[in-house]
Amino acid sequence: MAKSARLPRTAPAGRQRRIVSAALALVLAASLAASAPAAFADDLEDQQAALKAEAARVQQSLEFVDAKISKAAADLVLFRGQLPAAQQALLEAQGRVASAVKEVEALAARVDLAQQNKAKIAQQLDTDKQKIASTKKLIGQIATQAYKSGGVPSNLTLFFGSNNTGSLTDTIDLADQAMRSQNSAMDKLTQQNATNVNSRARLEAVEAEIRDLKAKADAALAKEKAARDEAAAKKAQVDKLIADTARLNKELEAAKPGIQKKLATVKARQDAVAAEIVERDRKLREAWEAEQRRLAAVAAAAAKAKGETPKPYAPVTGPPSAFGLRHPFSDGVPITSGFGWRATPPGTVDFYGQGGYMHTGIDFGAACGTPVYAPAAGTVFSAGWADDGGGNNVKISHGVVQGNSLTTIYYHNSSVTVSPGQHVSQGQLIAYSGTTGNSTGCHSHFETWLNGVAVDPMTLL
């Protein structure tokens with residue numbers, strides 16, 4: 001589950017007022033065709049991981065609204081990020097359909113051409129069959145006449161159209177011509193048989209080609225259907241993403257007035273907490289300085305009594321590291337969100353009109369129930385439930401060290417183990433992390449306020 005940031009607190013004056021305690025980035029698409037909210041890697045898995053990280057980052061900012069709106073904003077990031085890839089996938093699927101259609105059409109044309117070729121060969125075979133039958137009949141007639149005439153046809157009108165005979169020489173000539181005609185008919189029959197065999201071989205080849213083409217055509221049709229089904233599924237996915245985006249846009253726009261009102265209420269409460277810290281630390285520093293002046297006066301009086309020249313009072317301010325803060329968790333708890341300015345993502349609504357928000361602490365990715373320890377000795381001035389968005393919280397004043405005052409705050413705890421007014425030592429158990437208050441997941445939000453101003457805890461740890 002995504003972790004959330006706290007609404008930042010606003011200091012009362014000057015630069016402190018510019019430190020906004022939390023901001024909300026509700027994602028609203030500028031248009032359905034808008035580009036993805038971030039530039040992602042080419043690899044699909046990297047793209048998905050980047051999208052999810054972006055959605056989680058947005059959801060982290062939405063701890064001040066109900067879980068439904070927070071989820072809607074995160075989903076909207078995913079939908080908008082997934083839409084370009086889905087549209088591209090649809091175009092590619094449609095391209096595969098077009099290619100499959102062309103393949104089917106080309107195979108259909110080849111089948112048709114092969115069928116025409118088959119018809120021509122079949123017609124040729126039929127013609128050859130008739131010619132062979134006619135030639136065989138002619139040869140049979142010649143053989144019959146030759147048999148009846150003792151080897152020489154008595155009626156040569158079969159070949160010459162006349163049965164008048166002349167001299168023996170003429171008769172022999174006619175007989176010779178008849179034999180040549182019979183031989184010619186036999187040659188013609190042989191040629192027709194050869195042509196017939198060749199045509200049958202061609203017919204078998206064409207029929208085999210037709211069977212192969214039909215099998216390919218059937219496969220191409222199945223491929224076309226699969227491509228059409230895939231394209232339909234891709235189209236449904238794109239349509240759903242667009243519809244969901246529009247729905248979420250409408251939902252977030254409708255929730256906008258209520259969210260702004262709630263933000264204003266939470267911010268007012270947190271401003272009050274910030275003002276309390278500022279005032280508390282001011283008094284502590286004033287008391288510390290007064291004590292330093294008193295001690296300096298005592299030292300000056302002692303020096304004067306000894307006849308020595310007293311040293312003039314000069315306030316001494318040391319580095320913040322003098323507090324010696326330790327990590328509030330045991331080893332192995334990572335930081336999931338750092339301190340600093342968070343720009344409003346392109347295409348989102350900036351409810352504060354500043355182009356982003358200030359995350360005034362750091363978030364630790366601590367599982368619910370993880371022990372939280374005091375980073376330094378101090379006095380608890382707030383513990384338990386608070387209505388500033390932090391849920392079960394602990395606020396510790398660490399007093400003044402070398403002129404610097406320090407307050408640390410721990411939000412979203414499942415429970416606390418200390419009470420207001422209690423003095424704690426460094427490393428003492430003060431709470432167990434959780435997800436109470438305005439939070440979208442188990443984590444711990446840790447803030448450090450130096451001299452009444454929220455600063456990056458990592459500069460002190």
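What percentage of the 461 residues of the protein count as buried? I found that 42% of them do. Here buried means under 20% relative accessible area, exposed means over 50%, and partly exposed lies in between (1.4 Å probe, protein chains only).

**Basis.** I worked on a predicted model, in which local features need pLDDT of at least 70 and side-chain atom pairs count only at pLDDT 80 or more, while totals for chains, interfaces and linings use all residues. Residues are numbered from 1 along each chain as its sequence is written, and side-chain values use heavy atoms, with hydrogens and water left out.

**Overall layout.** I looked up the secondary structure and recorded five helices and 14 strands. Helices (H or I, at least four residues) and strands (E, at least two) are DSSP runs, numbered from the N terminus. I then turned to contacts, meaning heavy atoms within 4.5 Å. Among those between residues at least 6 apart in sequence, 73% join residues at least 24 apart.

**Disulfide.** The angle about the S-S bond is -90°, and the link is left-handed. C368 lies in the loop between β6 (362-364) and β7 (371-373) and C442 in the loop between β12 (429-433) and β13 (444-450), so the bond ties together parts 74 residues apart in sequence. Both cysteines I noted as partly exposed: C368 has a relative accessible area of 39%, and C442 has 26%.

**Nonpolar cores.** I took a nonpolar core as a set of buried Ala, Val, Leu, Ile, Met, Phe, Trp, Tyr and Cys residues joined through side-chain atoms within 4.5 Å. The largest has 16 residues, of which V394, I396, Y410, V424 and I430 touch the most other members. Strands β6, β9 (391-401) and β12 each supply at least two residues of this core. A second, separate core has 12 residues, among them V104, V111, V206 and I210. I also listed the neighbours of V394; leaving out residues up to four places away in sequence, they include V380, T408, Y410, V418 and I430.

**Aromatic pairs.** I counted three aromatic pairs in the whole structure. Rings of Phe, Tyr and Trp (its six-membered ring) pair if their centres lie within 6.5 Å; planes under 30 degrees apart count as stacked, over 60 as edge-to-face and the rest as tilted. The ring centres of F329 and F364 are 5.1 Å apart and the planes are at 55°, so I classed this pair as tilted. F329 sits in the loop between α5 (168-305) and β2 (335-337), and F364, 35 residues away, in strand β6. F329 is buried at 2% relative accessibility, as is F364 at 0%.

Y410 and F446 form a stacked pair, 5.3 Å centre to centre with 25° between the planes. Y410 belongs to strand β10 (residues 404-416) and F446 to strand β13, so the pair ties together parts 36 residues apart in sequence. Both Y410 and F446 are buried. I noted that ring pairs link F329, F364, Y410 and F446 into a cluster.

The side chain of D363 makes a polar contact with the side chain of H445 (2.8 Å). A polar contact is a pair of N or O atoms within 3.5 Å; within protein, one must be able to donate a hydrogen and the other to accept it, and residues adjacent in sequence count only if both atoms are side-chain atoms.

Note on methods: Disulfide = S-S within 2.5 Å.
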